[in-house]
Every structure is written in structure tokens, then in C-alpha cells.
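Subject: Structure handover

Hello,

Here is the structure for your files.

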Amino acid sequence: MRSIWNGAISFGLVSIPIKLVNATESHSISFRQIHTEDGGRIRYRKFCELEDREVTQSEIGKGYEDADGSIIPITDEDLSRLPLPTAKTIEIVAFVPADRIDPLQMDAAYYLAASGAPAAKPYTLLREALKRSNKVAIAKYALRGRERLGMLRVVGDAIAMHGLLWPDEVRAPEGVAPDAGVTVRDKELDLADALMDTLGEVDLDDLHDEYREAVEEVIAAKVSGQAPPEAPEPATGGKVLDLMAALENSVRAAQESRGETADRTAAPTATSAKKTTASAKKPASKSTPAKKTTAKKTTAKSTAAKKTTAKSTTAKKTPAKKTTPRKRSA
């Protein structure tokens, strides 16, 4: 990997020559700007305002615009003479637990490669010290015209450095959370927990950029003269008015996507609670008519007994069969 910066790690009185290389790379597809009418490339040209002519990259330098609008030229030599110990050094200033670092501060990532054989021993010493302490190193360094904050940690057998934003560069989350008071019920939390458990964990190596793959398919289709693939119809759905129902459906859909059957006993849901209540009420509603039917049958028996003994015997036997709740409900 090509180095983008050469310097040294300052570890107390120990100096470790290193090379800085990018630890990440972008796989996103880049597009060119074109003229839609004829497909011609759109290019930006750099002109000097005073001479009104296009200039080359070698003629372009840096300048600071003062409050009055005047430009003060700043050369690379001026920047190389900055009175900073971090101009060519990654200066370690502290060692702290990793959880002390706010992820919001995390920026670009780099690998620190040992530069030459003499750097191997002190490089390994720092790496093993970081491993044994379970801490990360906080350092200052200068890169691309400014002093930066960094965090050194062990990745495999290498030392990686994450650029960190300065604390005053991280905005406070004011006005982000909902203003109105919202109450979350325990049942809703139970369903949210069930959804989290159902989705489970994921191996990050299995995740990939589906958007980039879709763009590549479109490009390949147009190159071959075929029609680009059509996007599937988005699922139509109204506004979610019942949060409990939405959570229940989410849990059910997640279980079905994993080939699992819905576990009704894992967490009681609002729907199941309603069904249980309804089923508990049904026997009571059936028992009342049953009593009324029995009373009517007894009256019918007594009336029939007064008329004839034969009829009373028949009346007693016949209602006995009809008192079965299932036949009456049918």
C-alpha cells in the first residue's frame, strides 16, 4: 500500500519511524457530468482573475483571505516551519480505555506501518503494550495543513490510527429528540425486545452494497443495449396508527423471514391478550342461555306429566337429548 505520510511515533523518549497508509477504500461508483443534449463532458477550468486566463495545477498555490478581502500567500515551506512538535510526529499524549472515546468523534482510519528494520522492535513493543493494557493511545499529529487528534489501537498484528474530531467539533444533540412527552408502555418494550431478539446478530462480512450492485446492473444493461431492470413495486401501506400492531407484525415477519414459527408464549401481545379475554367471556355467555333452556324444559315436562304419563315419559327422554349445549348452539 502506498504511504501518504512519513514520520515517527513519539512514545515518551522512544521514537518509532512509521509510514501512514489508508486503511479504507471507497467502492462507490462515480459519475461524470455531461451535457444532456449531446453527451459531451462538462469540465471545470481554473482561471486567474487578474490575467483572465486558464492556469495549470503547477501554477496554483494556497492563500489566506484576510478580513479586508486581501489574499496572503501561504507556501508549503511556510507550513513546514510551523512551531509544532507534531509536524512530522505522531505524539502520544495519553492512554485511556477505549470506551472513553465517543464514536461521534471517529473519522478517517489509517494503518501505521513500521518504516525499516530499526522500527520493528519499538513498534512491536508499543503494540504489545496496548494489547496488555486494553487501552488506546491518544495522540496529536499534523496532516494536510492542520493539527489533528488521533486514536491508536491494535488491529491484528498492526497498529491502526483513527483520526478524531476535536471535542468542540462535535455538535450537541439539541433539538433532535422529540419535544413532546412520550410514554412507552412495558408491553411495547417487550415487543421491541422480542423484535430485537428475532432479528438477532449479523456477520458484518455478509453485508454488501446492494445499491452499487444495482447501479452496475443498470450500466451493464445499457452497454449491451438492453432495457435497464425495473425496480419492484414498493409495498403500499397506510400510516401506522397502532404501534403495538406494527410491532407484532414486525416480529411475525422477522420470524417468517428466518423460517421460524411464531412463538405465542414468548411474549404476550395485545392481540393475544384480547383473544384470551374474549375466549374467557364466551363460556359465561353460553351458560346463561343453558339455564334458561333447562328451565323451559322443566316446565314443559311438568305440563306434559299432567296430561298423560306416557307423554311425560317421552317428554323427559326427549329434552334430555336436547340439553346438550353443542346441539343447541348448532
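Predicted model: local features only at pLDDT ≥ 70, side-chain atom pairs only at ≥ 80, totals over all residues.

Residues are numbered from 1 along each chain as its sequence is written, and side-chain values use heavy atoms, with hydrogens and water left out.

Strands
Helices (H or I, at least four residues) and strands (E, at least two) are DSSP runs numbered from the N terminus; two strands pair if DSSP finds at least two bridges between them. Strand 9 (residues 135-143) and strand 10 (residues 146-155) run antiparallel and are joined by seven bridges, with Ala 139 partnered by Gly 150 in strand 10. Two residues separate these strands in a hairpin, and Arg 144 in its turn has a positive phi of about 55 degrees. Strand 10 is also joined by seven bridges to strand 11 (residues 158-164), again antiparallel. Val 155 has Ala 158 in strand 11 as its bridge partner, and Gly 156 in that hairpin takes a positive phi near 65 degrees.

Surface patches
Patches consist of residues with over 30% relative accessible area and no salt bridge, where like charges are joined within 9 Å and nonpolar side chains (Val, Leu, Ile, Met, Phe, Trp, Tyr) within 5 Å. Accessible areas come from the Shrake-Rupley method with a 1.4 Å probe, and for residues only the protein chains shown count as cover. Buried means under 20% relative accessible area, exposed over 50%, and partly exposed in between. One nonpolar patch contains Phe 31, Ile 219 and Val 223, together about 350 Å² of accessible area; Phe 31 is exposed at 62%. Asp 186, Asp 190, Asp 193 and Asp 197 form a negative patch (Asp and Glu count as negative, Lys and Arg as positive; His and the chain ends are not counted; the charge of Asp is placed at CG).

Salt bridges
With a side-chain nitrogen of Lys or Arg required within 4 Å of a carboxyl oxygen of Asp or Glu, the count is eight. One of them pairs Lys 62 with Asp 76 at 2.9 Å, N to O. That pair links distant parts of the chain, strand 5 (residues 62-65) and helix 1 (residues 76-80). Glu 188 bridges to Arg 185 at 3.4 Å; Glu 188 is buried at 12%, while Arg 185 is partly exposed at 47%.

Regards

Methods: Buried < 20%, exposed > 50% of the residue type's maximum accessible area, 1.4 Å probe, protein only.
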